[in-house]
Amino acid sequence: MASPADRKQEQREASKADDPAGGPLTTDQGVEVDHTDDSLAAGERGPTLMEDFHFREKLTRFDHERIPERVVHARGAGAYGYFEPYESCAEFTRAAFLQDPAVRTPVFVRFSTVQGPKGSADTVRDVRGFATKFYTSEGNYDLVGNNFPVFFIQDGIKFPDFVHAVKPEPHNDIPTGASAHDTLWDFVSLQPETLHAIMWLMSDRAIPRSYRMMQGFGVHTFRFVNADGKGTFVKFHWKPRLGVHSLVWDEAQECQGRDPDFNRRDLWDAIEAGEYPEWELGVQLVPEEDEFAFDFDLLDPTKIIPEEQVPVRPIGRMVLDRNPENFFAETEQVAFHTANVVPGIDFTNDPLLQARNFSYLDTQLIRLGGPNFSQLPVNRPVAPVRNNQRDGYHQSAIHSGTNYFPNSLGGGCPAHAGAGTGAYTHYAERVDGHKIRRRSPSFQDHYSQPAMFWNSMADWEKQHIVEAFRFELGKVGARTVRARTVEHLAQVDGELATQVARGVGVPVPSAAEAASKSAASPALSLESLRGDGSIRTRQIAVLVTDGVDAEQITSVRERLAAEGAIVEALAATDGTITGSDGETYAVDRALPTVASVLYDAVLLPGGPVGTPPTAADPDAVRFVRDAFRHGKPVGALGSGVGVLSALEPEGLTLSTEFQRVVTDQGVVTDTSPGPASEEFLTAFVDTIAAHRHWGRGPVRH
Ligand code: HDD
């Protein structure tokens, strides 16, 4: 029997439209069409005829091509892959897909931004959605998470308010893909439960370098249930093998223009190139007895469990190895739902989760136009579906037999699952309470964890957070909103509040009692999330021109490619250049078509002595300057080092050491002639692996 992973692929194959090359053009009714360029008219210059059924069908179908975009998370990119557990998790959960390392479960993952419409840019400051559909043998399980471990509100009844506040303003539909506007910050300043997620939003986590390089979190505390019916609280974590890496804000903004598809292209290209992104699934497990062992409420989705308190236990890995074939059919029509759970995974009373369990099914009914969306290829389980649910718009199955239960005419089928089969059993939680519309007092501390987040950041991360607050609040017109927000920040950290207040021109709040000075969770800093330390799939630009030192470009290219990086030669014009050895070398891209923000590092090879190959080209100088300003690794060899004098006003102090490898602030130089030395190559690879280098001179990032 085919494995579940194969079964999903077989199912997709079976759903494919007829091969367009398999015969001539037809109408939707299969009638062959010999001419689709002119409508049927009464005379060559006459009116179009009603009876032109081909014309009417073609136009009608076109007029109906669009469906409503998602109310949030409208812009996204997805891919298929598989999940496999490292070992059986039977001790905690009976979920079949978490039992056997030999069983691969097919998955579809959709990454997304939240605020912007479907056509907005990728590199905006925003949360990223990270939604995974596991097509398990026991039915579909959806883990609908984000790249932040906390959410902005505690109770789902506030979701419409929060989303209205962050979305473009109602009178003018501005801004697109941005949170720097009055209504969001008005809401934030009045609703301090947002603060923890806001700290994440102001950090570099909100501008990921790649979907492949970000964490994912289930956010809520869920419940694992084992075969004996015993429950264990669980929080889910996805950790990328390549490490967690981010852009800097100035770069992210430029990227929005240079390549609005930056993140989706990156995902697509990596998978096409066979560089399959991979995440480890980890869980934080809390025995039920310890429900109240924390100084926050496990049901509060604005709180994390610090990893130092409850370590993340790796339980499996996910690999994405196949791009969808049709964006609309698959990525657009995929329908996630937090209530799509399988036996062994259950909910808690987190009020945000409870609301989500209502909202997702509801939204799919309007977005996908009726109740049969689970029959769409991307949504179909690989587990068999048998029930008495019938009819509705777009029913594509032909059901037979009776459609009610109990029945005798249909042989009693489909019968209830018997004891001992894989039926879902709700966790028998005891519930007892008065009806009440009030938040639990255990949800009231809104400052300790934002303070912990702040305390856990490296200096450069703190600097970026301050600058993000200054940018966002600086765009808020209402001074009262700016001031009110800063008052809250004063309860997180005095220095943070002071720096932000100064930047946005509001009074520095009087020294408030900051929530927690001491607590920190080092696992929250990007410094602790470097991944496997490799430079796989990093994009390295080599700036070349005629006369470039051929030995150098060849030696660098070979080494970086061997390390898995993608090396591109950029020149003023496309085509070829002639190297110092008289040979021609292909140019990968012309400089005017690209920009430094699309690359992770830049290398300047030397040319004939005394003529730096790129100094004369202003595009090249700008390229290197931007790379330097954005903290990116810069390498220079031979006379290429001379070009770096352009960076002196940016704060680079050029070494006076000649014919030696010098590494300083992520800039690696060697003025020696000839091929790049092993010492240079190793130093350059190491600086690329470090991703970014902070504290370069007077530059603000
Ligand atoms: Fe949500 C989409 C993640 C709270 C209501 N949400 C959506 C998607 C992700 C999340 C990743 C996109 C799925 C896709 O790619 O199709 N949402 C979250 C997380 C939350 C969260 C991690 C908090 C922990 N969401 C949340 C609440 C509500 C919703 C509290 C409503 C009460 N979310 C929706 C929705 C969407 C959605 C309106 C829009 C499109 C869709 O569901 O399919 O139902």
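In the predicted model, helix H9 gives the most residues to the shell around the ligand, namely six. The shell consists of 26 residues, of which Arg70, His73, Arg110, Gly129 and Val219 come nearest to the ligand. Two or more residues are also given by strand S2 (105–113), strand S3 (128–136) and strand S4 (139–146), as they are by helix H9 (351–367). Sorted by class, the shell around the ligand holds 13 nonpolar residues, 10 polar residues and three charged residues.

The protein is divided into three parts: domain 1 (76–158 + 197–375), domain 2 (450–528) and domain 3 (539–689). Between the C-alpha centres of domain 1 and domain 3 there is a distance of 39 Å. Seven residues of domain 1 and five residues of domain 3 take part in the contact between these two domains.

The interior of the model was examined next. In soluble globular proteins, nonpolar side chains tend to be buried together. The largest nonpolar core contains 59 residues, and the members that touch the most others are Ala197, Met199, Trp200 and Val500. Helix H5 (residues 195–202) supplies the largest share of this core, with seven residues. Because both domain 1 (76–158 + 197–375) and domain 2 (450–528) give residues to this core, it lies between them. Ala197 is in contact with Phe148, Val150, Phe151, Phe152 and Thr302, when its neighbours within four places in sequence are left aside. Another core, of 58 residues, lies apart from the largest one; its members include Tyr82, Leu98, Val144 and Val334.

The strands were considered last. Strands of a sheet pair through backbone hydrogen bonds, either parallel or antiparallel. An open sheet is formed by seven strands in the order S15-S12-S11-S16-S17-S19-S18, and its pairing is mixed. Strand S15 (589–590) and strand S18 (662–664) stand at the edges of the sheet; each has a single partner strand, so one side of each is left without a neighbour in the sheet. Strand S16 (residues 601–604) pairs with strand S17 (residues 634–637) in the parallel sense, over three bridges. In this pair, Leu604 stands opposite Ala636 in S17.

Key:
Residues are numbered from 1 along each chain as its sequence is written. This is a predicted model: local features need pLDDT of at least 70, side-chain atom pairs count only at pLDDT 80 or more; totals for chains, interfaces and linings use all residues. Domain bounds come from an automatic or database domain assignment. A residue is near a molecule or strand if its C-beta atom, placed from the backbone, lies within 6 Å of it. Helices (H or I, at least four residues) and strands (E, at least two) are DSSP runs, numbered from the N terminus. Ala, Val, Leu, Ile, Met, Phe, Trp, Tyr, Cys and Pro count as nonpolar, Asp, Glu, Lys and Arg as charged, and the others, Gly among them, as polar. A nonpolar core is a set of buried Ala, Val, Leu, Ile, Met, Phe, Trp, Tyr and Cys residues joined through C-beta atoms within 7 Å. A residue is buried if 20 or more other C-beta atoms lie within 10 Å of its own, exposed if 12 or fewer, and partly exposed in between; C-beta atoms are placed from the backbone. Two strands pair if DSSP finds at least two bridges between them.
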